[in-house]
Amino acid sequence: MSKLWLTLLLSFGLGAIAVFSFAPFHIWPTAFISYCSLLALIAGQTNKRAMLITLCWGIGYFAAGVHWIYVSIRQYGDLPILVALSILALLILYLSLYPMLFGLILRALNQYAPSFSFIQLVIAAPLIWQVTEYLRGHILSGFSWLQLGYSELDSPLRGYFPIVGIDGVTLITTIVSGLIVYILSGIVVRRGVNPTITERSQSAGSANSSYHNCFYHKLMCLKFICLKFINNREKMFKHKINAFIALILLFFAPFLFNNHQWTVPTQSKISVALIQGNIAQSLRWNNLQLANTLTTYQRLTDANLDKDIIIWPEAAITDFELNQQSYLHHLDEQAHANHATVAVGLLDYRPNSNDFTQGKVYNSLVVLGDETPYQYMSQNRYEKHHLVPFGEFTPLASLLEPVANLLDIPMSSMSRGNRKQPPLVMHNFKFTTAICYEVILSQLIWQNFTPDTDFLLTVSNDAWFGDTIGPLQHLQMAQARALEFGRPLIRSTNSGVTAIINEQGEITDRLPQFETAVLTATLSPFTGLTPYARWGNTPYFIVLLLFLAILVGKVVKMRVFTKGHSDQKQISSHKKVSAQKNRS
């Protein structure tokens, strides 16, 4: 029992160290150490132990990686410490169920994909991991935070992002890890003599004891086993060499196209100003603060009306659009008079035609300063589609509404915008847009991305998570989107991190967190398509289907072989019985 507890503790620690591979640490090898160790730990374990090991690994992984959610639960949900910790623990435990499911399925397939075999480590494990990650990203609207692939933004594997996207990079990361474990495993030493040969020699001996006792036969069996042992070692050595070559090719192939320009800048230029109002989260939804908030953003905007485009952060106006019509009309006229365009984050409440008190709330980004004067429900706007559970809506409301009421988060009953929306148009440039959490959803952005998109745009309010690693992880995921689509990404936030990211996923400029400031820059739009922008996840799904076909083929082959072997044994048994009857 003590050995099991040590293994579980080790698994927890190995899961936790993976956090150092993500922002703000960027020590990418720790992701490989963490995942490779997980594969090694569950090898040869029973299903129950494998589940416990992967569960503990997941608890370490998510406790270290998303502990910052505690800040929003404790400080802004205004809950007692014990209650806040309990909610965080339940979330971490829930997220850890997906690695546990991975461990269970992998061990259940052990008959067809044995421990430390190539098919288990390089085919089955990456396939199953992707399936469980898909489930994590979709059940209860999903939480795709900390996909393994994001750890590789600073590694040689970063060159795969514009080709296969985050899902593809995560798949490659698990394949590379599987190859490492396969190469390093002591499979030759452990297996030694082929067990099937030993079994055959033993069964042959029991069938004819007089012949088995023959000294000459013993020598022949020993020679046969030794030759097979040598052949197996040579064959396994060749497998290891081939696996090592595959590892080198996968790991260093991106160097061939790391500097390849999938997209190119145009001759046009635009000047942008990103407004970071730095309104304290504890004050943002206070009615007494609203006037000060509007004054702050107006003052910062007035000082930058010489810029072409001005971007406010998510929900900068903490009031309904209908209530601020005079303010918005004034801002629209002011922007139009200065040939500027202003994108304003606000909340759009659309009352029910029969009951004004019943309606839908949308988290919106509205463009002002167009050629056509602003009117409520203008078309040049983006409405957030993917809502955050409990923060913006309550999943399984009839069951989980008490949890939402306990958290008491403002505006936590929003409605979804359409999944596919046209880009925002500002100064005749097109911006594929995402609000807050949406920027981590590569597939959602791909569905809204158009070949004539000039920029990616995201607005956010990460003040919920205070001075923790959460906002920096969020920024890292935005970097991945810029790299995937080969477009500059503009990120405007309330309290940080407001930044400009180039088409290579590199941060070219940023503001310090928790300061009231404006980030200005002159940018060129880009044209052209990366392979990922062109094909999306199609190559990724083709590889998954290929892996699935290999795995299914292995299972079918093993079943056919087992059935044939069983039938052959039955026939042989019947023959022996018949022979004995004939003798008698």
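The model is a predicted one. The chain has 584 residues, of which 52% count as buried, and its secondary structure consists of 19 helices and 14 strands.

**The chain as a whole**

- Among contacts with a separation of 6 or more, 73% are between residues 24 or more positions apart.

- Helix α13 covers residues 290-302, and its 13 residues should span 18 Å at 1.5 Å a residue. The C-alpha atoms at its ends are 18 Å apart, which agrees with that expectation.
- The buried residues of α13 include L290, L294, Y297 and L300, together with T293, T296, Q298 and T301.
- These buried residues pack against the strands β2 (270-276), β3 (309-311), β4 (341-351) and β13 (517-523), and also against helix α14 (325-337).

- Q479 lies in helix α17, which runs over residues 470-485. Q479 counts as buried because its relative accessibility is 14%, under the limit of 20%.
- The side chain of Q479 reaches the backbone oxygen of G505 at a distance of 2.9 Å.
- Beyond its neighbours within four places in sequence, Q479 is in contact with L153, I501, G505, E506 and I507.
- I507 belongs to strand β12 (residues 507-510). With a relative accessible area of 30%, I507 is partly exposed.
- Although I507 and Q479 are 28 residues apart along the chain, their C-alpha atoms are separated by 7.5 Å.
- Apart from neighbours within four places in sequence, I507 is in contact with L475, Q479, A499, I500 and I501.

**Salt bridges**

- The structure holds nine salt bridges. Side chains of opposite charge can pair when their charged atoms come close.
- E383 and R350 form another salt bridge, with 2.0 Å between the closest N and O atoms. This pair links distant parts of the chain, as E383 is in strand β6 (residues 381-383) and R350 is in strand β4, 33 residues apart.
- E383 counts as buried at 11% relative accessibility, whereas R350 is partly exposed with a relative accessible area of 21%.
- E383 and R350 also belong to a network of salt bridges that links them with E321, D348 and R381.
- D306 and K307 meet through their side chains in a salt bridge of 3.2 Å, N to O. D306 is exposed, with a relative accessible area of 59%, while K307 counts as buried at 16% relative accessibility.

**A nonpolar patch on the surface**

- L545, L548, V552, V556 and V560 make a nonpolar surface patch of about 440 Å².
- V560 is placed in helix α19, which covers residues 538-583. V560 counts as exposed because its relative accessible area is 56%, over the limit of 50%.
- An α-helix has 3.6 residues a turn, so residues three or four places apart point the same way.

Key. Residues numbered from 1 in each chain as written. Predicted model: local features only at pLDDT ≥ 70, side-chain atom pairs only at ≥ 80, totals over all residues. Heavy atoms only, no water. Patch = residues over 30% accessible without salt bridge, like charges linked within 9 Å, V, L, I, M, F, W, Y side chains within 5 Å. Areas by Shrake-Rupley, 256 points an atom, 1.4 Å probe, with all protein chains shown as cover. Salt bridge = Lys/Arg side-chain N within 4 Å of Asp/Glu carboxyl O. Helix = DSSP H or I, 4+ residues; strand = E, 2+ residues; numbered from the N terminus. Buried < 20%, exposed > 50% of the residue type's maximum accessible area, 1.4 Å probe, protein only. Expected span 1.5 Å × (residues − 1). Contact = heavy atoms within 4.5 Å. Polar contact = N/O pair within 3.5 Å; in protein donor to acceptor, adjacent residues only side chain to side chain.
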